[in-house]
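Subject: Structure for your review

Hello,

Please find the structure below. My notes on it follow.

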Amino acid sequence: MVTADDRGRTGGLPGVLKGLATTARTALRPTHTAEYPDVAPSLPPRSRGVIALLEENCTSCMLCARECPDWCIFIDSHKETIPAPTPGGRERQRNVLDRFAIDFSLCMYCGICIEVCPFDALHWSPQFEYAETDIRDLLHEKERLGEWMPTVPPPPALDERAAEPAEVAAANRPARGTGLVGGAGAARPPRTVRPKVVREKPSAAPQDDP
Amino acid sequence: MTLLEAALRAVAALAAFLVLPLLVGQAEHKVMAHMQGRLGPMYAGGFHGWAQLVADGVKFVQKEDITPRAADRWVFRLAPAVALVPYLVALALVPVHPGVAAVDVPGSLVLLLAATSVGALGTLMAGWSSANKYSLIGGLRAAAQLVSYELPIVLALASVALAGGSLSLAVLTERWSPLWLLWQLPGAVVFLVAAVAELQRPPFDMPVADAELVMGAWTEYTGLRFAFFLLSEYAGIVVMSLLFATLWLGGWHGPFPDALGWLWTLLKGFVVALLVIWVRVAWPRLREDQLQRLAWLWLVPLALGQLLLTGVGVVLGW
């Protein structure tokens, strides 16, 4: 017969019977359905749900708003003058964030805003249940974005043998001019934090041509 | 038969027609789900989602009833009824208990065959009148398939009729003996395969192939009319299963007192229906040419051989 060709046979059992056996076996086993609304799914910590804002970190530098491919981030800010702390000193200016909003009906969850934020003000939260019946309610203002912040999991621990974070290394660096300090690290000079960038000289390559 | 008795029998047939397909549908929901490692509709009505089909019915009623502008209006609207009603007629003929069939006519086997083959007309009407090329292709495929598989069904039933020496379902069931399980086995297999094909259920659902024909003849149907097509499919399973149970599995014959006969018929029919569901989950869809090949190269010769065997058996007086 054409339908039961050699591919249908495995271990001497025709494929049709094997199909029946497989489905029967599955029917006798307990189901493995994820019952989502009743049982919360266990999400990996890096899963992308909603974007949370840590308002204190935001300097309204506008990088996120400018890099956003579909322009769903809205930022308003104004400058405030801080009086000089000491008499005769210079006054300072700083940005004050008036409005920070993400329109999640436009957002495509590319994560570019989080990548580009220089001050770690934006974070991925695994929280994904924020559907609304009205599309206008998907525009989250900064208060709502801040509410997501507690749901952001702590960043993963550094690898055991990883280089120290830049801030820590900089703080631990000995003051300039003291030379080698005693202790375990005395044998070699303290390492610079930044890896050395080796630039190839552009004049080296094109001489090969005959 | 008094008027009251006739009315009672009609109401009983109608009740069976409204309840049994729902039972089969519910069984399909759950069995299919478990065979695929899912839960199936679980929530409507509380315990194990028993009211799921009721909820589906309510949903279908709420949907808009659309008739395409270019459709052949009356044919389009009549098609679901033409598909559904024959199975009601057929169900009324099936004897479930000694002396209990809604209508007990002498040639009930022939009448049942005639009724079920009218159901095919509904699919054909739907496919033709929908003003949709997918529907038309689906309808034509259905027509080809039903023509091909009607023959093995008729031949297999003819063999049983020959063995029992009657065209009445009740008489045939009365004359059934356990020996038939062996003697009529090829015909039984042929009938079962051809019945699944006749109902256009997987693996013989080439006419409705939702991946390539979008739903075949049912593409343009919405709401209640679509639900009627679904219901006719389940009613078809009920009719075919009960027919198989009465003719090949002995209907009301069982180890317990005769008063439980109807229970045996329903139980056997339900087991056959489960088999039909099981086959749907386990096997992939046949291609159009494989479908025709199976009918003409395997089922028809097998059924003819069975007829020959039965003839020899009857002549020799087995």
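In these notes a residue is buried under 20% relative accessible area, exposed over 50%, and partly exposed in between, with a 1.4 Å probe and protein chains only. The model is predicted, so local features need pLDDT of at least 70 and side-chain atom pairs count only at pLDDT 80 or more, while totals for chains, interfaces and linings use all residues. Residues are numbered from 1 along each chain as its sequence is written, chains are lettered from A and ligands numbered from 1 in the order in which they are written, and side-chain values use heavy atoms, with hydrogens and water left out.

Chain A

Chain A has five helices and seven strands, where helices (H or I, at least four residues) and strands (E, at least two) are DSSP runs numbered from the N terminus. Their order from the N terminus is β-β-α-β-α-β-β-α-β-β-α-α. Of its 210 residues, 21% count as buried.

Salt bridges

A salt bridge here is a side-chain nitrogen of Lys or Arg within 4 Å of a carboxyl oxygen of Asp or Glu. Over all chains the count is 13. In one of them, Asp134(A) pairs with Arg136(A) at 2.8 Å, N to O; Asp134(A) is partly exposed at 24% relative accessibility, whereas Arg136(A) is exposed at 64%. Another joins Glu141(A) to Arg99(A), with the closest N and O atoms 3.0 Å apart. This pair links distant parts of the chain, 42 residues apart: Glu141(A) is in the loop between β7 (139-140) and α4 (142-147), and Arg99(A) is in strand β5 (residues 92-103). Both are partly exposed, Glu141(A) at 28% and Arg99(A) at 26%.

In chain B, Arg9(B) and Glu5(B) form a salt bridge at 3.2 Å between the closest N and O atoms. They are separated by about one helical turn because they are four residues apart in helix α1. Salt bridges with shared partners also join Glu28(B), Arg201(B), Glu233(B) and Arg280(B) into one network.

Cavities and a pocket

Both were found on a 1 Å grid over the protein atoms alone: a cavity is a set of points where a 1.4 Å probe fits but cannot get out, a pocket is an open set with protein on both sides within 12 Å along at least five of seven lines, and lining residues have an atom within 4 Å of a point. Grid points are joined across faces, edges and corners, and a volume is the space filled by probe spheres set on the points.

There are four cavities of 30 Å³ or more. The largest cavity has a volume of about 180 Å³. Its lining has 14 residues, with Tyr87(B), Thr123(B), Glu198(B), Gln200(B) and Ser232(B) closest to the centre. Helix α4(B) gives the most to this lining, four residues. The second largest cavity has a volume of about 90 Å³. It is lined by 15 residues, and Cys58(A), Cys61(A), Cys64(A), Phe100(A) and Cys117(A) are the closest to its centre.

The second largest pocket has a volume of about 900 Å³. Among its 37 lining residues, Glu28(B), Phe60(B), Leu230(B), Leu231(B) and Tyr234(B) lie nearest the centre. The largest share of this lining, eight residues, comes from α1(B).

Regards
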